[in-house]
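Dear colleague,

I am passing on the structure we spoke about, and below it you will find some notes on what came out of going through it. Please read them with the coordinates open beside you.

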Protein chains: 2
Amino acid sequence: MDNVVADLSQDRSRLGRSSTAERVADILRDRISEGFFRPGQRLSEESISEGLGVSRNTLREAFRLLGHERLLEHRLNRGVFVRLPSVADVSDLYQVRRVLEGAAVRREPTERALTLIKEAVSDAERAAAQDDWQAVGTANIRFHQALVSLNASPRIDEAMRQLLAELRLVFHVMENPRAFHEPFLDRNRALLGLIESGRPGEAAAYLDDYLDHAERLLIQAYEPSR
Amino acid sequence: MDNVVADLSQDRSRLGRSSTAERVADILRDRISEGFFRPGQRLSEESISEGLGVSRNTLREAFRLLGHERLLEHRLNRGVFVRLPSVADVSDLYQVRRVLEGAAVRREPTERALTLIKEAVSDAERAAAQDDWQAVGTANIRFHQALVSLNASPRIDEAMRQLLAELRLVFHVMENPRAFHEPFLDRNRALLGLIESGRPGEAAAYLDDYLDHAERLLIQAYEPSR
DNA sequence: CTTGTCGAATTGTTCAACGATTCATATGTT
DNA sequence: AACATATGAATCGTTGAACAATTCGACAAG
């Protein structure tokens with residue numbers, strides 16, 4: 001009986017998860033993340049509330065939620081816009097990654113997390129072999145998400161989720177994100193090796209170089225289009 | 001002319017910062033942080049909207065904002081409550097602190113940040129000498145906020161602000177928070193010394209011990225009252 | 001080319017209403 | 001007495017309409 005109850009507690013989070021505003025937020029978040037709503041685009045209260053069949057008030061509640069996740073930008077009396085991150089934003093995102101991922105690789109990896117990391121690396125390589133660069137991108141994101149989970153902190157996991165969602169905005173402004181992800185496949189594999197073999201110092205150093213390189217490349221490809 | 005425009009752009013942030021919902025959120029945040037609204041307490045939409053002279057819709061927008069900051073808890077069809085952190089929450093908060101503050105002390109300190117840290121330490125000691133434990137608490141918070149600012153990341157600064165606000169909820173449930181802060185005055189001073197003298201490794205180790213100790217003490221004082 | 005003015009469009013905020021849900025109380029059954 | 005069910009008040013969730021405030025482009029005047 002006890003384990004039945006314990007199992008149920010996992011579904012519990014899904015139970016509370018219903019309110020029209022939150023469901024609307026979920027929909028909009030997906031739309032933004034898939035690039036249907038482009039960065040910089042204005043989201044009209046009238047057309048969207050009408051399109052989704054919810055009242056303006058409810059839609060505004062959803063807007064507030066996404067604004068706090070930095071996916072939307074609220075400009076007073078002018079409406080909400082899909083966030084268009086500045087170069088400074090990109091730099092800061094990578095600064096946060098340096099902290100979160102850096103702390104992660106210094107920790108003793110758990111079996112559970114290590115499995116997730118390995119899967120993500122393999123999935124990315126498999127997708128690359130099939131020229132499915134969309135899948136490479138998502139697997140790459142899973143890799144870093146799994147890395148950060150080494151910190152064993154729900155709040156940090158959540159922060160990383162938001163950070164990666166924000167980073168997707170940047171990718172949507174780039175001309176070809178596929179070219180950006182490719183060079184990092186080998187590095188992911190190498191980083192995994194350093195973690196597995198228990199050399200946190202080297203892993204941290206390697207990661208720093210990794211992130212420096214990625215940031216420079218990303219900003220270089222991003223700057224012109226602003 | 002150019003520098004005039006550049007100067008103005010700094011004031012720009014103040015321009016956008018007004019909407020009734022956000023101002024209401026500011027008020028509620030202050031009330032919660034000062035303990036006027038106690039953890040666990042329910043905030044009635046009707047009485048508060050009436051008391052503040054705003055509509056229920058606007059108040060609900062404010063509630064959403066604070067919910068995302070984890071200061072309020074939204075239970076469907078039951079209303080919003082001032083968050084009452086669990087012991088697991090406290091542990092996680094300290095886990096996050098280990099990551100954010102740990103990364104901070106490993107960095108080369110800037111002059112600006114170092115000044116802020118020194119001021120916070122001195123202020124805390126001065127307040128302690130005058131038995132003003134309220135002031136000791138806020139100075140202590142400023143100390144850790146300044147520490148984290150070594151990471152040179154606006155997003156991390158913001159995350160730390162929220163984290164400390166959440167931690168204040170915990171303090172409001174304790175019987176005497178003053179006794180909790182006192183033993184850490186000397187440690188703050190010692191940590192500052194390690195940072196100033198450029199020994200990041202030792203500083204990080206000292207900090208880990210610091211946080212472990214603080215977490216244990218806090219949970220010990222917190223557990224019974226739940 | 002800059003500066004003022006007007007008006008349409010959109011957002012900000014309020015209000016009233018009604019269905020849905022929760023919780024406490026009362027009622028009834030075994 | 002213990003448990004199940006029904007009842008009802010209170011509150012939340014959501015809607016739709018309304019009006020004030022603000023933005024922004026167009027156009028006119030200097």
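Predicted model: local features only at pLDDT ≥ 70, side-chain atom pairs only at ≥ 80, totals over all residues.

If neighbours within four places in sequence are set aside, the residues in contact with Leu218(A) include Val90(A), Tyr94(A), Leu167(A), Phe171(A) and Phe180(A).

In chain B, helix α2 (residues 20-33) packs against helix α4 (residues 56-68) at an angle of about 55°, the two axes lying 8 Å apart. Because of that angle, α2(B) counts as oblique to α4(B), and α2(B) passes α4(B) in a right-handed crossing. The residues that form this contact are nine nonpolar, two polar and three charged; among them are Val24(B), Leu28(B) and Arg29(B) in α2(B), which meet a group in α4(B) that includes Leu59(B), Phe63(B) and Leu66(B).

Asp131(A), which is not a glycine, has a positive phi of about 60°, and is placed in the loop between α6 (111-129) and α7 (133-148) of chain A. Asp131(A) counts as exposed because its relative accessibility is 55%, where the cut-off for exposed is over 50%. Ala152(A) also has a positive phi, near 55°, and sits in the loop between α7 and α8 (154-173) of chain A; with a relative accessible area of 56%, Ala152(A) is exposed.

How values were computed
Residues numbered from 1 in each chain as written. Chains lettered and ligands numbered in written order. Heavy atoms only, no water. Axes fitted to C-alpha atoms, helices over the stretch in contact; angles between N-to-C directions. Helix = DSSP H or I, 4+ residues; strand = E, 2+ residues; numbered from the N terminus. Parallel < 35°, antiparallel > 145°, perpendicular 65-115°, else oblique. Left-handed = near helix turned anticlockwise from the far one by under 90°. Contact = heavy atoms within 4.5 Å. Nonpolar A, V, L, I, M, F, W, Y, C, P; charged D, E, K, R; others polar. Buried < 20%, exposed > 50% of the residue type's maximum accessible area, 1.4 Å probe, protein only.
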